[in-house]
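Subject: Structure for your files

Dear colleague,

Here is the structure you were expecting. My notes on what turned up in it follow below.

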Amino acid sequence: MTESYNPKLKLSANFTVREVFDSQIALTRGIDNIPSSEVDYLTVCDKAAALVAHVLQPIRDHWGPVIIDSWYRCMTLNAAVGGVPTSAHLTGEAADCLFTDNLQAVYEWIAAGGLPFDQAIAERRWRKDHWARWIHLAHKRDNSNRRHALISLDGGNYLPFTPERLDRFMLDS
């Protein structure tokens, strides 16, 4: 762990560095999810701050609390959760988010709005006895954001967002 790690450091009015690096899975499996290199740590924080400023904080300002389920992932954690080797989580440029409000309404607002996201993916996975749903949000600090609004119904197939697909995503309970 780098000496600069300060979990209380604010990235915005509502987001802290702790949220970037905290991971229940890393904790459970004994994985250190904080970069040991000072340069890597600061780079991740810089990219995470851009995601906050351009995507997460505007969503928070409009919809209320954004609950971070997964943000930065070191390579070991990314492999442990089945993440792809090119995941934006590896650089701090993506976060999986839960919302206290209607997930469907939040996603439609994100997809239709002007936020500079790279990816907004409504994701769904079967977890023992229920569907877990979240929104994967990514932003590239270099501003090469593609605004890909996608839906993943089964954890592998990514389809372009349509209201009908989002309805199906929400209905299967």
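Accessible areas here come from the Shrake-Rupley method with a 1.4 Å probe. On that basis the chain exposes about 9000 Å², of which carbon and sulfur atoms supply 52%. Please keep in mind that this is a predicted model.

Overall build

The chain holds six helices and six strands. Read from the N terminus, the order of the elements is α-α-α-β-α-β-α-β-β-β-β-α. The radius of gyration is 16 Å, close to the 16 Å that the globule rule gives for 173 residues, so the chain is as compact as a globular protein of that length. Along its principal axes, the C-alpha trace spans about 50 × 35 × 25 Å.

Of the 173 residues in the chain, 45% are buried. Among contacts with a separation of 6 or more, 65% are between residues 24 or more positions apart. As for charge, the chain has 18 positive and 21 negative charges, and their mean positions are 2 Å apart.

Aromatic residues

Searching the whole structure gives seven aromatic pairs. One of them is formed by tryptophan 63 and tryptophan 109, which sit edge-to-face at 6.3 Å centre to centre, with 80° between the planes. Tryptophan 63 belongs to helix H3 (residues 38-63) and tryptophan 109 to helix H5 (residues 103-112), so this pair ties together parts that are 46 residues apart in sequence. Tryptophan 109 has a relative accessible area of 28% and is therefore partly exposed, since buried means under 20% and exposed over 50%.

Helix H5 also carries tyrosine 107. Tyrosine 107 pairs with phenylalanine 161, again edge-to-face, at 5.4 Å centre to centre and 65° between the planes. Phenylalanine 161 is in the loop between strand S6 (158-160) and helix H6 (163-171), and the pair links distant parts of the chain, 54 residues apart.

Phenylalanine 161, at 24% relative accessibility, counts as partly exposed.

There is also an aromatic cluster, made up of Tyr5, Phe21, Tyr41 and Tyr72.

Best regards

Definitions and conventions
Residues are numbered from 1 along each chain as its sequence is written. This is a predicted model: local features need pLDDT of at least 70, side-chain atom pairs count only at pLDDT 80 or more; totals for chains, interfaces and linings use all residues. Side-chain values use heavy atoms; hydrogens and water are left out. Helices (H or I, at least four residues) and strands (E, at least two) are DSSP runs, numbered from the N terminus. The radius of gyration is taken over C-alpha atoms; the globule rule is 2.2 Å times the number of residues to the power 0.38. Buried means under 20% relative accessible area, exposed over 50%, partly exposed in between (1.4 Å probe, protein chains only). Contact means heavy atoms within 4.5 Å. Lys and Arg count as positive and Asp and Glu as negative; His and the chain ends are not counted. The place of a charge is taken as NZ of Lys, CZ of Arg, CG of Asp or CD of Glu. Rings of Phe, Tyr and Trp (its six-membered ring) pair if their centres lie within 6.5 Å; planes under 30 degrees apart count as stacked, over 60 as edge-to-face and the rest as tilted.
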